[in-house]
Protein chains: 2
Amino acid sequence: MGLPRWLNEEEKRAWNAFRSTHALLNQRMDQQLKRDAGLSHLQYEILARLSGAPDRELRMTELASAVQNSKSGLTYQIGQLEQAGLVRRRNCQSDVRAVYACLTDEGMAVLERAAPGHVALVRELFIDVLTPDQLRALADGLGEASRRMLDSDFTADPRTANPDT
Amino acid sequence: MGLPRWLNEEEKRAWNAFRSTHALLNQRMDQQLKRDAGLSHLQYEILARLSGAPDRELRMTELASAVQNSKSGLTYQIGQLEQAGLVRRRNCQSDVRAVYACLTDEGMAVLERAAPGHVALVRELFIDVLTPDQLRALADGLGEASRRMLDSDFTADPRTANPDT
DNA sequence: TACTCGTTGTTCAAATTCGAACTCAACTGT
DNA sequence: ACAGTTGAGTTCGAATTTGAACAACGAGTA
């Protein structure tokens with residue numbers, strides 16, 4: 001590689017805005033979810049994924065990749081959610097190793113109670129701030145970026161690689 | 001508020017791409033920085049901010065807000081970096097409470113060694129994936145989003161609110 | 001059947017993060 | 001000078017995350 005090509009002003013602006021927005025957004029979502037539903041953002045995400053899955057259940061590894069978390073991290077969170085009664089574990093008869101995380105009715109109820117406020121916040125702080133053009137550009141551009149990262153690199157397992165739906 | 005307005009397909013696409021990209025990107029940067037320079041992404045960010053500041057030093061709180069971390073989190077990280085000799089603390093004579101974190105020559109050297117590879121990766125995985133239009137839309141849209149979040153909410157202190165340069 | 005791989009989910013210790021409480025100073029108004 | 005308030009940075013315990021190591025299986029092959 002030749003000389004390092006530093007970022008120009010607009011590139012810096014984009015990169016900083018991207019990182020800053022994510023940090024702030026995450027902070028707000030965490031606050032709101034914790035306050036309104038006693039959930040961390042990650043926990044919400046887990047419940048949300050489960051709610052959208054067939055039979056409201058997913059295997060640990062699938063779920064881990066869906067929420068882009070490490071296996072051990074998911075084990076921990078599912079443990080928490082299980083204690084709270086929002087999720088339960090189920091074993092698979094065809095594969096003894098497999099464990100399904102299932103959304104309980106109570107978990108579903110909590111999710112349904114939390115979702116409207118969460119979505120409203122996503123709208124307020126993110127979606128509705130963007131013009132339709134910006135929204136599309138963002139979906140296209142970042143969609144491509146994440147796709148490329150997923151397509152390459154089947155090596156690292158810290159977080160199980162997998163496309164999100 | 002009326003009925004919750006759920007996200008339509010494109011909105012979901014944008015939101016998911018945004019979150020997914022950030023997670024993957026962060027993972028890659030962390031990996032690379034750890035491998036090449038023994039730094040976490042956050043530590044790199046800290047060094048980078050310091051390197052761009054007058055006299056290569058910033059007050060703890062300023063730095064915390066610049067890298068969008070909590071005060072206690074920064075205290076911890078500066079402790080680590082100080083042990084590694086990349087940063088040192090300096091007291092201010094005019095204000096006893098104030099503490100400056102200063103980038104050492106060694107810290108600067110480490111940063112200079114890490115920066116090219118880091119920037120190259122940012123380009124490869126983010127900047128260069130986007131079209132010029134997308135880049136501008138992203139800078140504008142997300143810039144606006146983060147600005148709004150910073151402008152509101154002077155209440156929460158978990159992370160000291162402040163615009164980044 | 002025995003053997004070798006690659007997977008699955010968990011465990012464990014160490015590293016990090018979180019947030020509230022705390023310590024001192026600086027500032028404000030008196 | 002004097003209380004009351006605010007701000008800076010640290011401390012501390014609890015919660016979470018990390019990554020490597022592990023145990024227990026499937027699956028493919030000889």
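Start by selecting Arg19(A) and Glu45(B): their side chains meet in a salt bridge, 3.5 Å from N to O. The pair crosses between chains, running from helix α1 of chain A to helix α2 (residues 41-51) of chain B. A salt bridge here is a side-chain nitrogen of Lys or Arg within 4 Å of a carboxyl oxygen of Asp or Glu. Side chains of opposite charge can pair when their charged atoms come close.

This is a predicted model, in which local features need pLDDT of at least 70, side-chain atom pairs count only at pLDDT 80 or more, and totals for chains, interfaces and linings use all residues. Residues are numbered from 1 along each chain as its sequence is written, chains are lettered from A and ligands numbered from 1 in the order in which they are written, and side-chain values use heavy atoms, leaving out hydrogens and water.

Chain A has six helices and three strands, in the order α-α-β-α-α-β-β-α-α. Helices (H or I, at least four residues) and strands (E, at least two) are DSSP runs, numbered from the N terminus. The C-alpha trace of chain A spans about 55 × 40 × 25 Å along its principal axes.

Now color by pLDDT, the predictor's confidence in each residue, from 0 to 100. Chain A averages 91, and 91% of the residues score at least 70. Select residues 161-165 of chain A: pLDDT stays under 50 there, and the model has eleven contacts for them beyond four places in sequence. Contact means heavy atoms within 4.5 Å.

**Both chains**

Bring chain B back. A rotation of 180° with 0.0 Å of shift along its axis superposes chain A on chain B, with RMSD 0.1 Å. That is the relation of a two-fold axis.

**The interface**

Select the residues in contact: 62 from chain A and 62 from chain B. The copies meet through the same surface, because 100% of the interface residues of chain A are also interface residues in chain B. About 6,100 Å² is buried between the chains, 65% of it from carbon and sulfur atoms. Buried area is the accessible area (1.4 Å probe) that two parts lose on being put together, summed over both. Show Trp15(A), Phe18(A) and Met149(A): they supply 11% of the area that chain A buries against chain B, more than any other three residues.

Next, select Arg123(A) and Glu11(B). They form a salt bridge, with the closest N and O atoms 3.0 Å apart. Over all chains, the whole structure has 26.

Finish with the helices. α1 (9-37), α2 (41-51), α5 (105-125) and α6 (132-151) of chain A each give two or more residues to the side touching chain B. Of these, α1(A) gives the most, with 20 residues.

Terms used: Least-squares fit on C-alpha atoms with pLDDT ≥ 70 in both.
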